[in-house]
Amino acid sequence: MGRAFEYRKATKLKRWGHMAKAFTRLGKQIAIAVKAGGPEPENNPGLRSIIATCKRENMPKDNIERAIKNALGKDQSDYKEVTYEGYGPHGIAVFVDTLTDNTTRTVADVRSVFNKFNGTLGTTGSLSYLFDHKCVFTFKKKADTNMDDLVLELIDFNVEDEYDEDPEEGTITIYGDPKSYAQIQKFLEEQGFEDIGGEFTYIPNDLKDLSGDARATIDKMVERLEEFDDVQNVYTNMKPEESAE
């Protein structure tokens with residue numbers, strides 16, 4: 001398994017640990033997709049992708065349909081995608097992805113946590129060299145899939161030649177250039193793959209190993225950030241505990 005998969009696997013349970021919040025966050029993503037391309041999945045690739053992710057995260061069908069309906073309401077706020085970045089304690093880099101209808105509120109919330117933990121909130125892009133920005137697609141593997149041939153074809157769409165396979169779920173996960181998101185999704189759909197769920201993520205390229213109280217402090221900081229409804233995901237370059245030495 002690759003570095004990206006190991007990191008995402010180790011952090012996944014924390015990221016999606018509270019189902020109610022997970023569904024709220026997915027609902028906001030649905031709202032953005034609906035406003036961008038309409039409420040019909042067959043005519044909206046972005047919405048199709050998010051719905052596939054919702055199903056993979058066990059979000060009930062009723063919740064998905066309600067989120068789509070709510071996104072069409074006249075009183076629904078327009079959400080913006082904003083990323084905040086800075087350093088937490090012990091020199092750990094922290095990326096905070098948000099979807100917000102009030103950036104003043106959101107930046108105040110995020111800054112309050114950084115301040116509480118003696119961290120520093122930096123400017124946009126200041127920590128980009130510490131993380132690789134990727135688009136990620138997970139889809140059901142077909143019985144006749146030849147992964148060598150598939151990877152060779154996907155290279156034309158800036159997809160990495162390293163992929164991850166989950167035999168228990170029967171899925172394949174690939175990583176690519178975020179700018180190629182739409183092309184990758186279109187190619188996979190044209191090839192007949194099912195349940196294509198896509199997302200964007202940050203993968204740290206230089207993990208820092210912490211232990212004991214230091215690790216607990218970073219975990220607590222991440223938990224506090226994730227308590228805010230505007231926060232979608234929090235990424236750090238702290239080595240996941242499962243792989244820490």
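This report walks through the overall fold, a charged surface patch and a few individual residues.

## Ground rules

The model is predicted, so local features need pLDDT of at least 70 and side-chain atom pairs count only at pLDDT 80 or more, while totals for chains, interfaces and linings use all residues. Numbering runs from 1 along each chain as its sequence is written, and side-chain values use heavy atoms, with hydrogens and water left out.

## The chain as a whole

Eight helices and eight strands make up the secondary structure count; these are DSSP runs numbered from the N terminus, helices being H or I with at least four residues and strands E with at least two. Of the 245 residues, 47% are buried (buried means under 20% relative accessible area, exposed over 50%, partly exposed in between, with a 1.4 Å probe and protein chains only).

Take the contacts (heavy atoms within 4.5 Å) with a separation of 6 or more: 72% of them come from residues 24 or more positions apart.

## A negative patch and its loop

Asp148, Asp149, Glu153 and Asp156 gather into a surface patch of negative charge. Patch members have over 30% relative accessible area and no salt bridge, with like charges joined within 9 Å and nonpolar side chains (Val, Leu, Ile, Met, Phe, Trp, Tyr) within 5 Å. A salt bridge here is a side-chain nitrogen of Lys or Arg within 4 Å of a carboxyl oxygen of Asp or Glu. Asp and Glu count as negative, Lys and Arg as positive, and His and the chain ends are not counted; each charge is placed at NZ of Lys, CZ of Arg, CG of Asp or CD of Glu.

Asp156 sits in the loop between helix H6 (147-154) and strand S5 (164-166), and counts as exposed because its relative accessibility is 65%. Asn158 belongs to the loop between H6 and S5 too. Its phi is near 60 degrees, a positive value in a residue other than glycine, and at 45% relative accessible area Asn158 is partly exposed.

## Other spots to look at

Asn118, in the loop between helix H5 (103-116) and strand S3 (120-121), also has phi near 60 degrees. With a relative accessible area of 69%, Asn118 is exposed.

Ala182 lies in helix H7 (residues 181-190) and is exposed at 55%. Its C-alpha is 8.0 Å from that of Pro45, 137 residues away in sequence. Over in helix H8 (residues 212-226) you'll find Lys220, partly exposed at 41%.

Key
Areas by Shrake-Rupley, 256 points an atom, 1.4 Å probe, with all protein chains shown as cover.
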